[in-house]
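Work through the exercises below with the sequence and the structure in view. Each task is followed by a solution in steps.

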Amino acid sequence: EQVGIQSVDMDVSKLYEYTRYIDVDKNFVSKSKEPIIILEYPYSEPGFFVLDGNHRISQAHLRKEASIPTYVLPEGAMPLLAPQKLFILLAKIHRNLTFLGLYMIGDITLSQLKEWYLPISNEEWL
């Protein structure tokens with residue numbers, strides 16, 4: 001809220017599709033009433049990362065709640081969240097591998113791959 005981002009209600013079942021693969025302590029009871037925080041990341045399924053709130057999502061799912069308050073950060077916020085060079089490098093590698101996979105299965109063309117690929121260092125296309 002301090003930076004002008006309003007929370008939105010998101011479908012717990014959609015969020016749980018991501019969280020169910022995260023190892024959360026089923027006995028942990030979160031006392032936080034704050035909205036969860038997700039980062040839009042269209043290069044992966046389901047299209048976002050949960051930055052804060054995996055336990056709250058899991059608990060809301062167990063209580064069969066329909067929605068949960070959520071702050072949705074745009075993809076461009078990633079460098080602001082984690083300016084460490086290692087994190088940015090890992091994000092580039094993940095993005096590039098995702099696009100390479102899409103190219104290999106025929107979902108994108110070579111020209112699209114070249115356009116969307118983020119060079120890691122002094123890489124050149126042969």
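**Exercise 1. Classify the two partners of a salt bridge by accessibility.**

Step 1. Asp 52 counts as partly exposed because its relative accessibility is 34%. The classes are buried (under 20% relative accessible area), exposed (over 50%) and partly exposed in between, with a 1.4 Å probe and protein chains only.

Step 2. The side chain of Asp 52 meets that of Arg 56 in a salt bridge, 2.7 Å from N to O. A salt bridge here is a side-chain nitrogen of Lys or Arg within 4 Å of a carboxyl oxygen of Asp or Glu.

Step 3. Arg 56, at 10% relative accessibility, counts as buried.

Two notes on the basis of these values: the model is predicted, local features need pLDDT of at least 70, side-chain atom pairs count only at pLDDT 80 or more, and totals for chains, interfaces and linings use all residues. Residues are numbered from 1 along each chain as its sequence is written, and side-chain values use heavy atoms, with hydrogens and water left out.

**Exercise 2. State how many salt bridges a search of the whole structure finds, and describe the one made by Glu 65.**

Step 1. The search finds two salt bridges.

Step 2. Glu 65 and Arg 63 meet through their side chains at 2.6 Å, N to O.

Step 3. Glu 65 is partly exposed at 33% relative accessibility, whereas Arg 63 is exposed, with a relative accessible area of 52%.

**Exercise 3. Describe the sheet and the helix that packs on it.**

Step 1. The sheet is open and has four strands in the order E1-E4-E2-E3, with mixed pairing. Strands (E, at least two residues) and helices (H or I, at least four) are DSSP runs numbered from the N terminus, and two strands pair if DSSP finds at least two bridges between them.

Step 2. Strand E1 (8-11) and strand E3 (48-52) are the edge strands, each pairing on one side only.

Step 3. E1 and strand E4 (residues 67-73) run antiparallel and are joined by four bridges. Val 8 stands opposite Thr 70 in E4.

Step 4. Helix H2 (residues 54-62) packs on the sheet and touches strand E2 (36-40), E3 and E4; contact means heavy atoms within 4.5 Å. The direction of H2 makes about 105° with that of E3. Axes are lines fitted to C-alpha atoms, for helices over the stretch in contact, and angles run from 0 to 180 degrees between N-to-C directions.
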